[in-house]
Amino acid sequence: MLNIKDLQVSIEDKEILRGINLDVKPGEVHAIMGPNGSGKSTLANVLAGREEYEVTGGSISYEGEDLLELEVDERARAGIFLAFQYPVEIPGVSTSNFLKSTVNAVRVERGQEELNAVEMLKFIREKLDLVGMDQKFLKRSLNEGFSGGEKKRNEMLQMALLEPKLAVLDETDSGLDIDALRIVADAVNKLRNENRSFIIVTHYQRLLEYIVPDHVHVLYNGRIVKSGDKNLALQLEDKGYDWIKEEVAALEG
Amino acid sequence: MSDSMQTLEAHTRSDYKYGFTSNIDTDKLPKGLNEDTVRAISAKKNEPEFLLEWRLKAFRQWQEMTEPNWPNVHYPPIDYQDIIYYAAPKKKPKLKSLDEVDPELLRTFEKLGIPLDEQKLLAGVAVDAVIDSVSVKTTYKEKLAELGIIFCSFSEAVQDHPELIKKYLGTVVPANDNYFAALNSAVFSDGSFVYIPKGVRCPMELSTYFRINERDTGQFERTLVVAEEGSYVSYLEGCTAPMRDENQLHAAVVELVALDDAEIKYSTVQNWYPGDKDGKGGIYNFVTKRGLCEGKNSKICWTQVETGSAITWKYPSCVLKGDNSIGEFYSVAVTNNRQQADTGTKMIHLGKNTRSTIISKGISAGFSDNSYRGLVKIGKKAENAHNFSVCDSLLMGDKCGAHTFPYLEVENNTAKVEHEATTSKIGEDQLFYLMQRGLSEEDAVNMIVNGYCKEVFNELPMEFAVEAQKLLAISLEGSVG
């Protein structure tokens, strides 16, 4: 469903991704790991269509379409969801209002009827339970004054509500205690199905103790330098990233 | 410039949607201004001698005054002899029902989206519709009369309640207060008068729709609201105007008087023609609005949503004379394209334990300039006065300007004054976040802007708040979808 070929991306003329190849099939969970500054977040943002990132080469095809031709909101309505590392606060916009608008925007695109107020509330309540959030969050301004954990749960809530085909989690585990981490993992596991794919960007292996990936890729210096199954993540946990760096140095040396 | 900034600019480049002219026959004076003009206006309105004298005195004072040049706005000199100072619809029917109203007028209201009949039925709002300078229609008058409430055109009040006019006119905004107030005092044609008797809580929102309709006619409205002891009233003022090529001068005066324990809530949604994308045409809105908290425990609250006019010069103010009195000012001012606004408030604390709150939200887009100018003054005898001010500015695009001019004069050291000010650009991070959730760029911008203005919208009566949100969306939306 997602096919990335030789993707090259720069920010302000600085090359960040230097030829990424990745193939994601429906229902697969891919973990992208790597040391800080390797380009992991860039990859997540490019998939969502963030414009500061300039694609200088390569291609991304999503469900047979050229993803790079689509605007940010078109990609979202086509089923791509990005769980943000740092969700922004939007003062004065109530969380419930925001959720209603987004859910209906996505539904209309899929040819579904908009939910009325009663149906919407029921739908939102179900998903609140899924991520262990209290209904009182709905009245608060979007992400304003939320703790780090609450923000990440809110991201998971939105993922559950928008029912994406491809969910990209950008270091969703960073800064979370073990309980919050479990909630995130739990949400992902409940939403896993044969048609929904996940790309989980993470620095640490610990999230992958709860979400078992089908594939693990190591991103270093703008390239995927190693791919494997879940055991690769365990290896990284044991040995850190230095051995990868050394391998790459030896190859390039 | 990034792509999203370009799109933002496109969003904010939109045309005025209420541009049309209705053909209602009018009776008007020739252009020009001298003592004879003032006398003619007074005679046409069959005014008592005291009012003519008051006008003439104001006119003589105006002649000695000079136009203010301190506001942060720029416009070509106004030729005061090239303005028609009086125009009234030719037909002056006394109407009992909407059937008797000029159908052309009704259509005008429909185009504006404010059908009178619907208003009457659904909202329970008494509407005093002002087309140009003479009131055409007043509703709900009888019901209000049962409570002793007077809600009528200013001209009617002059005829029917001259003692009240004589007692209160010019007590809050003296005729020589400033250049435009003096001009208004000399030539005002009509407006609204509200009187709430002692202990009465007005059961409905009182509403007046102003509309500038006659080409080249300066509008000089005069509004006076008096709330007697222990009374309450909420007054709504909403404005739209048809498209024009020439600039039109509008210099209104609004005076509010609140006696002991009385409360006046005055809400405005202003959407006069702002001129086209290049700044051609548009209304000059030079208004003096002031409320006097005369009695103890009285309260005056100004709420305004200003989206229109080429130039806005307006400082709804409160004079907190009574002990424990409260003044509030909630404002959203939007400027787009070439619009200029210099607006804010003055809170004058004279009594003990007086409190004031200022919440100002400026939004600048296009090539516009938006200035907040506010004065907080704590007098010598104002023990324990307290002011809290927040002045926020939001910039959309990188060719507009936001300015804040806060003035503070404290003569009593028991005062507590807090001021917060921020300037921010509409966040690309916020836009990206909302769009990543499937909202179009336009919906995302509206959501962010409405959130930013929420504190002010919360102060508006419900139906007005909805209208204000629509206006905001219209003001900021672009030709590119």
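# Reading the labels in a predicted two-chain model

In this predicted model, helix α2 of chain B, residues 35–44, has Thr37(B), Val38(B), Ile41(B) and Ser42(B) as buried residues.

Q: How do you know that the buried residues of α8(A) line one face of the helix?
A: The residues concerned are Trp243(A), Ile244(A) and Val248(A), which are buried in helix α8 of chain A, residues 242–252. Seen down the axis of α8(A), the buried residues fall within an arc of 140°, and so they line one face. The face turned away from that buried side carries Glu246(A) and Ala250(A), which are exposed. The cover over the buried residues of α8(A) includes β11 (215–220), β12 (223–228) and α7 (230–239) of chain A.

Q: Why are α10(B) and α11(B) called oblique to each other?
A: The axes of helix α10 (residues 428–436) and helix α11 (residues 441–452) of chain B come within 9 Å and cross at roughly 125°. Roughly perpendicular covers 65 to 115 degrees and roughly antiparallel needs over 145, with the rest beyond roughly parallel counted as oblique, and α10(B) and α11(B) are therefore oblique. Their crossing is right-handed. On the α10(B) side Gln430(B), Leu431(B), Leu434(B) and Met435(B) take part, and they meet Glu441(B), Ala444(B), Val445(B), Met447(B) and Ile448(B) of α11(B). By class, the residues of this contact divide into 7 nonpolar, 1 polar and 1 charged.

Q: What makes α3(A) roughly parallel to α5(A)?
A: The axes of α3(A) and of helix α5 (residues 148–162) of chain A come within 10 Å and cross at roughly 30°. Angles under 35 degrees count as roughly parallel, and therefore α3(A) is given that description relative to α5(A). The crossing of α3(A) and α5(A) is right-handed. From α3(A) the contact draws on Thr95(A), Phe98(A), Leu99(A), Thr102(A), Val103(A) and Val106(A), and from α5(A) on Asn154(A), Leu157(A), Gln158(A), Leu161(A) and Leu162(A). The residues of this contact divide into 7 nonpolar, 4 polar and no charged.

Q: Why does Thr102(A) count as buried?
A: Buried means under 20% relative accessible area, and Thr102(A), at 1% relative accessibility, therefore counts as buried. Thr102(A) lies in helix α3 of chain A, residues 95–109. Leaving aside neighbours within four places in sequence, Thr102(A) is in contact with Leu162(A) and also with Arg437(B) and Leu439(B) of chain B.

Q: How do you know that Ser141(A) counts as buried?
A: The relative accessibility of Ser141(A) is 16%, and so Ser141(A) counts as buried by the cut-off of under 20%. Ser141(A) is in strand β8 of chain A, residues 141–142. Its C-alpha atom and that of Thr95(A), 46 residues apart along the chain, are separated by 5.6 Å. Not counting residues up to four places away in sequence, Ser141(A) touches Ile90(A), Pro91(A), Gly92(A), Val93(A), Ser94(A), Thr95(A) and Phe146(A).

Q: What makes Phe286(B) count as buried?
A: Phe286(B), found in strand β13 of chain B, residues 283–293, has 1% relative accessibility and therefore counts as buried, the requirement being under 20%. Beyond residues up to four places away in sequence, Phe286(B) touches Tyr75(B), Ile78(B), Phe180(B), Leu249(B), His250(B), Ala251(B), Ala252(B), Ile311(B) and Trp313(B). Phe286(B) and His250(B) are 36 residues apart in sequence and 6.0 Å apart in space, C-alpha to C-alpha.

Q: How many of the residues of chain B count as buried?
A: Of the 481 residues of chain B, 63% count as buried. The secondary structure of chain B comes to 13 helices and 23 strands.

How values were computed:
Residues numbered from 1 in each chain as written. Chains lettered and ligands numbered in written order. Predicted model: local features only at pLDDT ≥ 70, side-chain atom pairs only at ≥ 80, totals over all residues. Heavy atoms only, no water. Buried < 20%, exposed > 50% of the residue type's maximum accessible area, 1.4 Å probe, protein only. Helix = DSSP H or I, 4+ residues; strand = E, 2+ residues; numbered from the N terminus. Arc of directions from axis to C-beta. Contact = heavy atoms within 4.5 Å. Axes fitted to C-alpha atoms, helices over the stretch in contact; angles between N-to-C directions. Left-handed = near helix turned anticlockwise from the far one by under 90°. Nonpolar A, V, L, I, M, F, W, Y, C, P; charged D, E, K, R; others polar.
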